[in-house]
Amino acid sequence: MNHPRTTPDAASAGTSAAVSPSASPARRSRAVILALDVVLIILFAALGRDTHQHGLDPAGILVTASPFLAACLAGWVLLGRRHSPASLWPAGVALWLITVVAGLGIRALFGGGMALSFAIVTLCVLGAFLLIPRGAALLLDRRRR
C-alpha cells in the first residue's frame, strides 16, 4: 500500500495531511507536535467552556477553539519557511505568541469576549500547552544522544 508523502515544503510548513512511515524522524516529530498543538488547543477550549458552563458539545468546542486553531496553523505556515515550529526556541515561542495574539484578535473581530483576565489565562495556558511538549521533546532528544 502506498502511503501519501509530503513535500519538504509542506512538511516544514506543517501543512501535510499525512506523513509516511518512512519519513525522517524530524518530519514525523513535526507532524506529532502539530497534531498535539491542535489537540491541546481544542482541550483549552473545552476546559474553558466547561469552567464557564457553556457545555461540551463538539460543535461549540470547535467554534471556541477555531480562532486559536486558525492562528496556530497560520503560525506553522509562516514559521515553517525558516524554522521548525516543532522546536522550542525560537520558533516554538514565536508560534505560542502568534497563536495567542492572532487568536485573541480573530476572536475579537467575531465578537468574542476580550476581558483582560481571559487574555492572561489564554497566554498562560496556551504557553504551557504549546511549550511544554516542545521542551519535553527537546529533553528526550538530548537524552537519546
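Predicted model: local features only at pLDDT ≥ 70, side-chain atom pairs only at ≥ 80, totals over all residues.
Visitor: How are α2 and α5 oriented to each other, roughly parallel or roughly antiparallel?

Guide: Two packed helices are described by the angle between their axes and the distance between the axes. The axes of helix α2 (residues 25-51) and helix α5 (residues 116-144) come within 10 Å and cross at roughly 150°. Angles over 145 degrees count as roughly antiparallel. The orientation of α2 and α5 is therefore roughly antiparallel.

Visitor: How many residues in the contact of α2 with α5 are nonpolar?

Guide: On the α2 side, the residues that meet α5 include Ile-33, Leu-36 and Asp-37. On the α5 side, Phe-118, Thr-122 and Arg-134 are among them. By class, the contact of α2 with α5 has 2 charged residues, 1 polar residue and, as the number asked for, 13 nonpolar.

Visitor: Is Arg-134 buried or exposed?

Guide: Arg-134 lies in helix α5. Beyond its neighbours within four places in sequence, Arg-134 is in contact with residues including Ile-33, Asp-37, Trp-76 and Leu-95. A residue counts as buried under 20% relative accessible area. Because its relative accessible area is 1%, Arg-134 is buried.

Visitor: What is the handedness of the crossing of α2 and α3?

Guide: Helix α3 spans residues 58-80, and its axis is 8 Å from that of α2, at an angle of about 145°. Among the residues that meet here are Asp-37 and Phe-44 in α2, and Phe-68 and Trp-76 in α3. The contact of α2 with α3 holds 16 nonpolar, 2 polar and 3 charged residues. The crossing of α2 and α3 is right-handed.

Key. Residues numbered from 1 in each chain as written. Heavy atoms only, no water. Axes fitted to C-alpha atoms, helices over the stretch in contact; angles between N-to-C directions. Helix = DSSP H or I, 4+ residues; strand = E, 2+ residues; numbered from the N terminus. Parallel < 35°, antiparallel > 145°, perpendicular 65-115°, else oblique. Contact = heavy atoms within 4.5 Å. Nonpolar A, V, L, I, M, F, W, Y, C, P; charged D, E, K, R; others polar. Buried < 20%, exposed > 50% of the residue type's maximum accessible area, 1.4 Å probe, protein only. Left-handed = near helix turned anticlockwise from the far one by under 90°.
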